[in-house]
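This report concerns the aromatic rings of one protein model and the contacts in which they take part.

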Amino acid sequence: MDIVAANYDKHNKIWSGPKIAPLHNIEHHSVGRILYGQMRTHPKNILLIDDDDDRTVTNQEALTWGIRIALFLKGRRMRHDDIVGIAARNTTYLTSVALGCFFNCTPFHGVNPCYQEDALSHCFRITKPSVIFCDGHDYEKIRNATKSFKADIYTISEHIEGVPSILELLEPNPKEHFYQPEKLTLGADQTVCIMCSSGTTGLPKAVTISAHKLMFENPVLTSEDIIYTSTALDWMSGLMITLFNIYMCCTRVITRQPFTPEHFIELVKKYKITNVTISPVQAVALRECPLFTTENVSTIKLLNCGGGYISKQTLAQIQNTLPRSMICFGYGLTEAGGVSGYFGLERGNSVGKLVPNIRLRIVDDSGRNLGPNESGEIWVNYPYHWAGYYGNPIETQRIYDSLGWFHTGDLGYMDEDGFLYVKDRKKDILKYQGLHFWPGEIENVVRELTEVLDCCVVGIYDERFGEVPGALVVKKKGGNVTAEHIVNHVKTRLPEQQKQLHNGVYFVDSLPHNNNGKILKREARDIFKKLMKEKQTLDR
């Protein structure tokens with residue numbers, strides 16, 4: 001059976017992925033119980049290689065630490081309706097913290113440790129965790145951010161004298177030898193973790209993730225694979241890689257160092273990494289690195305990319321460097337999960353076919369379902385309930401209707417062969433002289449130029465015209481492309497008046513991204529306005 005085959009109901013205009021029964025009956029086995037069984041079966045397998053500390057961790061070691069953390073949580077009488085906070089990078093004990101939460105069926109809230117204090121405060125005020133695990137480097141920032149409620153903070157690395165440490169929780173416990181993970185209190189719809197929404201246009205929301213939503217099987221991984229991703233437990237890809245790592249009994253290379261293509265290539269060569277998951281921004285940086293050669297990355301069998309836009313040209317160039325590797329790209333939302341994906345560069349800028357057990361509609365502004373090659377908002381439906389944004393029922397109702405359909409806010413269409421195309425964000429639609437335009441459409445045209453590394457189109461409000469488009473552009477090293485050339489290229493490719501770069505082009509060294517590689521539109525607009533003001537001052 002084709003696991004990405006799409007079915008189309010012509011009468012109701014609804015697409016659906018293939019139906020596949022889960023490997024485990026999650027109603028009777030919690031996430032913790034499933035992972036516990038896998039780790040006990042393969043105790044000597046190397047689970048983690050911590051490159052920074054030059055340390056390896058076996059399944060048995062990580063399992064033992066996870067049990068001790070679970071006993072600590074149980075000793076505090078923490079249950080399914082309590083929250084553990086995690087704001088930490090990939091270090092030796094991070095996986096075991098997640099295991100302890102899964103074993104005790106106590107959800108954790110993963111927040112990016114690189115957030116500024118106000119964003120950390122915003123995120124943790126939503127869930128008010130009574131216990132927070134963080135790196136010593138961020139202890140003061142976390143402590144200041146959580147002053148409004150009482151939380152016990154434990155360092156998970158870079159320990160500080162006088163501050164509670166995870167090492168205190170990893171001492172032997174006589175109860176560990178007979179330990180069994182807790183059962184789900186509320187069944188498969190029970191929240192087992194909380195992720196932050198991407199926050200590209202505002203402050204992050206707390207997205208609940210149920211046991212039902214988490215996957216364990218990975219059709220391309222085996223126990224012999226060496227895997228890598230730079231994301232940690234504050235991002236969906238990091239969570240899923242953690243689960244695959246444990247369940248498939250493969251080995252994961254971790255580092256707390258920020259991603260650079262040079263360091264990544266060094267890790268690939270050193271550990272013979274076979275399976276990697278990177279963001280589009282990281283993929284572009286890798287493509288531009290002189291060290292990214294077929295010889296240097298020959299062990300990579302599969303490269304996954306997702307979390308934002310990436311051009312087909314970039315993917316094709318990466319495929320040329322990895323001729324024997326499979327390139328995968330997918331589309332999904334933290335709130336809804338995976339929506340579509342493909343293996344190989346099958347069809348242009350498509351984001352692939354629907355994943356199993358999902359239904360999809362393309363809907364116009366009046367709520368009418370659209371057919372093939374008709375553009376509208378993408379709505380998706382899964383065969384399980386979503387608990388919504390933690391503590392935010394109004395936003396939950398906005399994105400998730402009473403019939404279980406997620407209103408993604410993304411605009412796109414399905415072609416006649418069941419391939420999905422995403423054009424832009426619905427809420428990013430702008431209006432110039434009463435005519436709508438999508439910044440993403442203009443951005444894609446600008447990225448066609450070989451000397452352009454990346455770009456972001458923003459609309460600057462003018463009471464005479466509405467939102468006037470302009471572009472921030474990052475040139476490739478040594479690139480000679482001019483602002484005039486970019487403006488004319490857009491004019492040639494998109495002749496409509498509302499799609500012209502009336503506010504011009506400004507070149508920048510880099511675009512503002514969040515920690516998971518997505519462009520921060522609000523910050524980009526502020527940068528553009530500042531550059532515009534500086535130019536106006538000089539022109540006077």
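At 0% relative accessibility, Phe 103 counts as buried in this predicted model. Tyr 179 counts as buried as well, because its relative accessibility is 5%, and the limit for a buried residue is under 20%.

**Aromatic pairs**

The model holds 19 aromatic pairs. One of them joins Phe 103 and Tyr 179, whose rings are tilted at 45° between the planes, with 6.3 Å from centre to centre. This pair connects distant parts of the chain: Phe 103 belongs to helix α3 (residues 94-104), while Tyr 179 lies in the loop between β8 (152-157) and β9 (191-196), 76 residues apart.

A further pair is formed by Tyr 382 and Phe 406; its geometry is edge-to-face, with 85° between the planes and 6.1 Å centre to centre. Tyr 382 is located in the loop between β19 (376-381) and α10 (393-399), and Phe 406 in strand β20 (residues 405-414), so the pair ties together parts that are 24 residues apart in sequence. Tyr 382 and Phe 406 are both buried. Both residues also belong to a cluster linked by ring pairs, together with Tyr 384, Trp 386, Tyr 389 and Tyr 400.

Terms used. Residues numbered from 1 in each chain as written. Predicted model: local features only at pLDDT ≥ 70, side-chain atom pairs only at ≥ 80, totals over all residues. Heavy atoms only, no water. Phe/Tyr/Trp six-rings, centres within 6.5 Å; stacked < 30°, edge-to-face > 60°. Helix = DSSP H or I, 4+ residues; strand = E, 2+ residues; numbered from the N terminus. Buried < 20%, exposed > 50% of the residue type's maximum accessible area, 1.4 Å probe, protein only.
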